[in-house]
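Here is a short report on a structure. Have a look before reading on.

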Amino acid sequence: MDGFTLSRIFLNLLIATKWTLILSVIAFIGGGLIGALIALMRISSNKIVSRISWIYVEFFQGTPLLLQLFLAFFGFSVITGVNLSPLVAASIALTAYTSAFLGDIWRGAIQAVPRGQWQAASAIGFGYFDQLKLIVLPQAVRLAIAPTVGFLVQVIKGTSLASIIGFTELSRAASLINNVTLQSLLIFGLAGLIYFALCYPLSAWSQQLEKKLAYK
Amino acid sequence: MVSEVLDLFWAAFWRRQRFVALFMASFFLTVGIAACSGEPNSVGSKAQITPEDVAKLPIQATLAQIQESGQVKVAVPSDFPPFGFVNPRMQPIGYDIDMAKEIAKGLGAELEIIPVVGGYRIPFLQTDRVDMIISSLGKNDERDLIIDFSEPYAPFFSAIYGGPNAEVSQIEDLEGRSIGVAQGSLEDLEISELTKTVGSVDIKRYANNSLTASALVSGQVDAIATGNVVAAKLIQDNPTKEITSKFVLKDSPCYVGVREGDAEFVAKINEIIASVKQSGRLNEMSQAWFGEPLPEAIANT
């Protein structure tokens, strides 16, 4: 179709990337905060708190993100009769999904720090939260970087599912333009390049971080 | 030795049983929550909400609500040319969008267009996020149970298309001619069925719609059986070939979808559709987006 020049297509894809970025940032921040809470709950010595965290993680890890988006957007309306706006529904679903995975990754990293570190810290006289903050977490962070960043890259790509709720983000925009011009290789190739440009900086940053935190 | 193996087995058994129990618990939890919208199986279309749940949603007089707020929200397709697609500025355009504009004009309300992904049109309507669906919506019995349909406003049919030298006006005229069709499509089934009684029809099956279309343009076949949507694009891209529709195989027109039980609203929409047909505007739209005039069956309802 005339009017869809190469620069026009690329511009449209870039504009659509705005939603991919917004949804990804919401997922990172929301998921990060709640994930940290989940991780701490999971390692708690209180059995109930630990069990709640476990159920949360198992549920949101075990169900597909598409289903979670659908539940947040349509399911919520059916149960309560209240319509959540697309942004709120997508934020809830993405935050829950990201927090479950990040919480479990961080829980694993904390538990991988040798028990001796906790005992030594307690011997010096640190309370529980001081032990965590000053001794255990700094060591756990090093272990957690690679899986965390790996998962965050997945989340960026996972935001493409939010198109069912009404966001014209990168993947959906590519699909719309393709339906009109039928130049699949060009359009999806460009979209792929943009996704790569979004994801690669994260990986590069994680490699830098790992080098910085490595034991000399 | 045996007792040790048995001990091991016993230990493993208990662990496995606990694993199985936990697995089942989480499975039922998930399924229970996911299936809380009533019956677990919806045949055919995805994402359907059952009649029991529709009853739970507040019934509002949509017409009164629209007149009060002055706004009407319409779900349209965004990835289905020529019914709904995007222009280079990524704005929705198409036959359905024009139809939405006409209906909004008739209702005297401001139009808000909400592009939706095809499989989720009906849930958008049922959860009150849109007031009507104008999205090449076909009518079938399953859908009729949960939403209401207006009069047809758009043609969606399979027909035989050919150039000026293919003079066929009914199935029998196809004898001795070659017909191209996309393999496995609705048209393939129709034409195979209908030509059983007619002898020596050479049906050539191609992998997809664009190959079928190229076959007609390059003269490999006398005529093709395809949907009017594909034909519209074909006619538009090849104006010199003078391709026209010869006769219709199967008619499955498009309807406007509204919530179940909203009789007042449907009546008003039908009124608007009738006036748009009479004024010739619908024919104009059909010519602009499909490259052909409105077929008789729709124009005269």
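## A helix pair in chain A

H2(A) crosses H4(A) in a left-handed way (the near helix is turned anticlockwise from the far one by less than a right angle; clockwise would be right-handed). The contact involves A:Tyr56, A:Val57, A:Phe60 and A:Gln61 of H2(A). On H4(A), residues including A:Ala96, A:Tyr97 and A:Phe101 take part. Contact requires C-beta atoms, placed from the backbone, within 7 Å. The contact residues split into 7 nonpolar, 2 polar and 1 charged (Ala, Val, Leu, Ile, Met, Phe, Trp, Tyr, Cys and Pro are nonpolar, Asp, Glu, Lys and Arg charged, the others, Gly among them, polar).

Helix H2 spans residues 47-62 of chain A, and helix H4 spans residues 86-112 of chain A. They pack at about 120 degrees, with axes 8 Å apart.

## Basis of the model

This is a predicted model: local features need pLDDT of at least 70, side-chain atom pairs pLDDT 80 or more, while totals for chains, interfaces and linings use all residues. Residues are numbered from 1 along each chain as its sequence is written, with chains lettered from A and ligands numbered from 1 in the order in which they are written.

## A sheet in chain B

In chain B, 5 strands make an open, mixed sheet, ordered S4-S1-S5-S12-S6. Strands pair if DSSP finds at least two bridges between them. Helices (H or I, at least four residues) and strands (E, at least two) are DSSP runs, numbered from the N terminus.

Strands S5 and S12 of chain B run antiparallel, joined by 2 bridges. B:Leu137 has B:Tyr255 in S12(B) as its bridge partner.

Notes. Axes fitted to C-alpha atoms, helices over the stretch in contact; angles between N-to-C directions. Contact = placed C-beta atoms within 7 Å.
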